[in-house]
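This briefing is for a reader new to the structure below.

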Amino acid sequence: MKQLFQHAAITEGITVRVAVNFLPEQSQPEAGKWFWVYHIRIENGSTERVQLMTRHWRITDARGAVNLVDGEGVVGEMPVLAPGESHDYVSGCPLPTPHGSMEGFYTFHRADGTPLEVRIPYFPLAAPATAD
């Protein structure tokens, strides 16, 4: 299963894995719109229960424009992960260019309430080249 995820980062026993795919059916290159879907798996390999509270994304397009996205939870959820548990979700990212990248971090709270910043690995967004 781990082969499906091209990118991974581990912070204090918590692994964030990412698989990303370009969606041509959701993209309109002639209108300057490209769209990717990404699948995230968060695995709690630590010895304590944690809850995902917030997310912070840094999305960069091919022109170098940066969009910072902050919010509570992920796709409307604030999952609690006991040791050994994992959480999967899928989301998407539109860009005005055929290439870019995403990276960031989640803020978790430990059982005692202390925060833990968990890195989301850098991953490229790249539309396949097309011949005219």
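**Pocket, core and rings**

The lining of the largest pocket consists of 10 nonpolar, 3 polar and 1 charged residues (Ala, Val, Leu, Ile, Met, Phe, Trp, Tyr, Cys and Pro count as nonpolar, Asp, Glu, Lys and Arg as charged, and the others, Gly among them, as polar). The model is predicted: local features need pLDDT of at least 70, side-chain atom pairs count only at pLDDT 80 or more, and totals for chains, interfaces and linings use all residues. Residues are numbered from 1 along each chain as its sequence is written, and side-chain values use heavy atoms, with hydrogens and water left out.

Largest pocket

- Among the 14 lining residues, Tyr38, Trp57, Val69, Ser91 and Gly92 lie nearest the centre of the pocket (a pocket is an open set of points on a 1 Å grid where a 1.4 Å probe fits, with protein on both sides within 12 Å along at least five of seven lines; lining residues have an atom within 4 Å of a point).
- β7 contributes the most to this lining, with 5 residues (strands are DSSP runs of E, at least two residues, numbered from the N terminus).

Aromatic rings

- The structure has 5 aromatic pairs (ring centres within 6.5 Å, using the six-membered ring of Trp; planes under 30 degrees apart are stacked, over 60 edge-to-face, the rest tilted).
- The ring centres of Trp57 and Phe123 are 6.0 Å apart and their planes stand at 90 degrees, so this pair is edge-to-face.
- This pair links distant parts of the chain, with Trp57 in strand β4 and Phe123 in strand β9, 66 residues apart.
- Tyr38, Trp57 and Phe123 make up one aromatic cluster.

Burial

- Trp57 and Phe123 are both buried (under 20% relative accessible area with a 1.4 Å probe, protein chains only).

Methods
Helix = DSSP H or I, 4+ residues; strand = E, 2+ residues; numbered from the N terminus. Buried < 20%, exposed > 50% of the residue type's maximum accessible area, 1.4 Å probe, protein only.
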